[in-house]
Amino acid sequence: MSACRYILHAALLFALTAAFPAASRALPAPGAPPERPLLMETEDEVLVRWDLKADAINTLNDEEILEAKGNVFLKRGNEYLKADFARYYLSTKWVYLKGNVVVRSGKDELTADEAEFDLRSRTGWLRQGRIFMSGPHVYIAGERIEKHWGDVYTFKQAKVTTCDDEVPAWSFTADDAVVEIDGYARLTGSSFQVKDTPVAYAPYFLMPVKTSRQTGFLMPEYGISSTKGSYVNVPFFWAVNESNDITLNEQFMDKRGFLHGLEYRTRPNTTTSGWFRADFLNDRLLKNDRDKGEFGGDGLVRNNENRYWLRGMFDTRFDNSSGLRLKADIDYASDRYFITEFKNTYGGLERTRGAVFDFFSREFREQDEKRLSGVLLTLDRERGSLALSSFYRQDTTLGNGNRSASLDETVQQLPQFDAFLHKGRILPDLPLEIEGAAQAAYMYRRSGTRGARYEVIPRMTLPVNTRYGSLIMSAGLYQTYYATELPARTAGNRPDTPKQDKESRTIPEFNAALFTELARVYTLDTVPLEAVKEKVGDTQWTALRHSVQPRVEFRQRSRENQNRNPRYGNEDRLLPESELVYSVSNVITAKSDKVVMEKDENGEMRPVTRTEYKDLLRLRLEHSYDFREAERREERKIYGRRPLGDILGELEFNIYGNLSFNTRNYYSLYENELVRHQSGLSLDFPEYGKASVGYDARRAIDEYKRSEDRNLNYLRFAFETVAVGPMSFAAEHYQDFRDRENAETNLDLIFNHQCFQIIGRVRSDPREENYMLMIKLTGLGD
């Protein structure tokens with residue numbers, strides 16, 4: 001035959017026409033399902049056509065053998081085999097390949113010096129071969145590779161890595177290896193190498209080579225801390241099944257001992273989620289100095305060696321149509337300091353809050369002395385909802401050498417029932433709206449007043465809307481009943497407080513709000529955006545709207561002496577009100593067109609123009625006048641009357657999402673200065689990074705209606721850069737200017753490589769200096 005390149009169709013033309021009947025004139029596909037190997041002689045087997053290209057094709061041994069030479073390319077769909085030379089045995093269905101062998105199957109690619117395959121069973125061998133699995137981005141090479149039934153390979157003198165470099169930055173070598181595609185690589189006689197230099201040995205190593213959640217070791221952590229000493233943590237992740245996983249971690253700290261951690265996650269379906277974690281430490285360090293100020297000088301000690309933190313969340317919807325839902329939280333700590341001291345560890349508060357927020361869109365409390373656990377069962381309907389709950393608040397300042405737990409005055413709601421009537425019209429044609437809430441709860445505490453509380457809060461609202469504005473009036477009533485128990489040892493309560501034996505309270509309230517809006521639209525003279533692919537992502541303002549929104553609101557709540565009512569929370573002491581609040585807001589809104597890609601009715605992506613609205617600027621001024629304060633008689637010699645409230649100025653400014661600024665300022669007409677200031681500025685440029693700065697200041701003040709015993713002067717600064725070359729950087733700093741020692745700094749320096757990442761982290765606060773190093777190998781860990 002000629003040496004020129006040509007194409008054989010219809011199952012290799014001459015050679016296969018002589019070898020097989022007309023119904024079976026195609027090479028069996030290497031990608032045939034392993035449970036049904038293609039047998040060419042089976043007439044009911046569906047065969048797939050292969051196309052062959054080569055510089056030359058010859059037949060041997062009475063056309064039982066087909067040889068192809070020079071740029072051999074055998075293709076079926078997206079799968080192909082390439083080599084310098086190929087020999088196909090018609091009787092055995094084996095193909096032998098030599099010289100620059102490349103086999104493409106799905107997303108995986110095999111290369112070798114020579115190879116041989118049984119096209120029926122998809123078994124064979126490769127010499128000096130390498131497999132690249134694109135899903136997990138893993139390279140596995142060996143002197144000899146055996147391809148077994150299914151997707152199992154065995155290797156001699158294997159090397160495994162995720163690095164693209166010819167000399168990989170890191171790799172595992174093994175005398176023998178067994179690899180299952182989308183499974184695990186089991187390495188025997190293994191060593192870990194850096195730039196082909198052995199640095200560690202393991203007789204056996206298991207490495208995941210799949211794209212789904214995978215069992216294995218996560219990113220290790222190494223560091224030095226002023227309070228923990230040198231430490232190392234190597235978490236292990238166990239993918240139990242598709243719905244459940246467990247993470248174990250042992251963090252060794254040479255000053256404190258082993259911190260044991262266990263985390264369990266479950267999501268059996270789209271309506272049920274669970275997350276639970278426990279950390280335990282037998283601590284070598286005790287806190288016996290009450291005057292030590294590392295935790296704010298709280299005067300507490302800690303004499304317990306066994307320390308722990310238990311927490312978890314669970315959510316489930318029993319039936320989407322029924323509206324029945326169950327939520328449960330667990331949050332219990334051994335002592336006041338555990339969460340604070342270990343907040344930056346693998347199982348600490350910082351990581352825990354992020355983990356549960358991803359699952360439940362709620363978080364655990366900050367480093368608070370009260371930890372909250374509870375269970376909540378709710379039933380939601382269109383016009384109302386019911387809730388049955390129990391809550392337990394742990395006071396972590398008790399015990400461990402401090403006050404006895406028998407003196408615990410923390411209120412526990414065991415149980416509590418709530419019913420809510422959602423706002424809605426009484427009659428369809430009557431604008432009068434009604435809403436309400438009712439609660440029955442038993443308030444238990446070990447020391448102090450306890451008993452049941454029953455409360456009903458009905459409210460009616462009358463909205464009046466006209467072309468000139470709106471008036472919304474509402475009236476409500478707090479009707480509360482107490483069934484109080486006074487334990488004998490605390491029956492008289494404290495000597496300096498009145499006896500809490502009153503059985504009820506009735507407090508009406510009234511509210512009226514009058515508001516309107518004046519607006520004008522300014523159309524911009526622009527050329528309409530053309531919906532073409534070249535302009536996808538482009539945005540253009542088309543109009544600006546300026547609105548002025550004045551508002552006047554009057555709030556009235558009757559006064560009732562509640563000193564003899566049990567006090568389980570702030571809701572048991574409703575303060576009287578008679579206040580007029582008036583404000584005006586200026587809002588500038590931009591209307592813009594943006595070109596985006598969307599699917600049309602045929603499911604094809606095409607550019608379209610969409611209209612967007614965004615508030616560019618919002619300025620609000622607010623003031624108030626308190627009629628009750630103007631007539632107050634109590635404590636006049638100590639506190640003068642101050643009926644005029646602070647002047648509030650609030651500004652929000654946004655442009656294109658890259659720049660935003662907000663500030664809230666409270667100016668006292670009596671102090672003639674700002675008494676509270678909050679500001680924040682953020683910049684976000686995706687090609688460079690993002691930065692933010694916030695400032696909060698508060699002046700100490702002592703008035704009849706409010707009291708702040710200390711000044712506050714606090715700054716927060718944060719920024720992070722997009723990778724510049726292989727490096728990226730992130731930093732956060734918190735500074736209290738009134739207490740120079742109260743500062744916290746967090747720095748991250750990250751080196752990014754195609755197959756690994758090195759993170760250097762510094763954490764500094766008044767309690768601890770912490771230096772951490774983390775190395776993440778791509779394909780290993782999270």
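This is a predicted model: local features need pLDDT of at least 70, side-chain atom pairs count only at pLDDT 80 or more; totals for chains, interfaces and linings use all residues.

Residues are numbered from 1 along each chain as its sequence is written, and side-chain values use heavy atoms, with hydrogens and water left out.

**Stop one: the strands**

Select residues 306-319, strand β21, and residues 324-333, strand β22. Strands here are DSSP runs of E, at least two residues long, numbered from the N terminus. β21 and β22 run antiparallel and are joined by ten bridges; two strands pair if DSSP finds at least two bridges between them. Find Asp315 and look across to Lys327 in β22, which stands opposite.

Now go to the turn of this hairpin: four residues sit between β21 and β22, and Gly323 there has a positive phi of about 75°.

Pick Arg325 and you'll find its bridge partner in β23, Thr378.

**Stop two: the pocket**

Which residues lie nearest the centre of the second largest pocket? Select Arg559, Leu575, Pro576, Arg628 and Tyr704, which are among the 24 lining residues. A pocket is an open set of points on a 1 Å grid over the protein atoms alone, where a 1.4 Å probe fits, with protein on both sides within 12 Å along at least five of seven lines; lining residues have an atom within 4 Å of a point.

Finally, colour β32 (577-599), which gives the most to this lining, with three residues.
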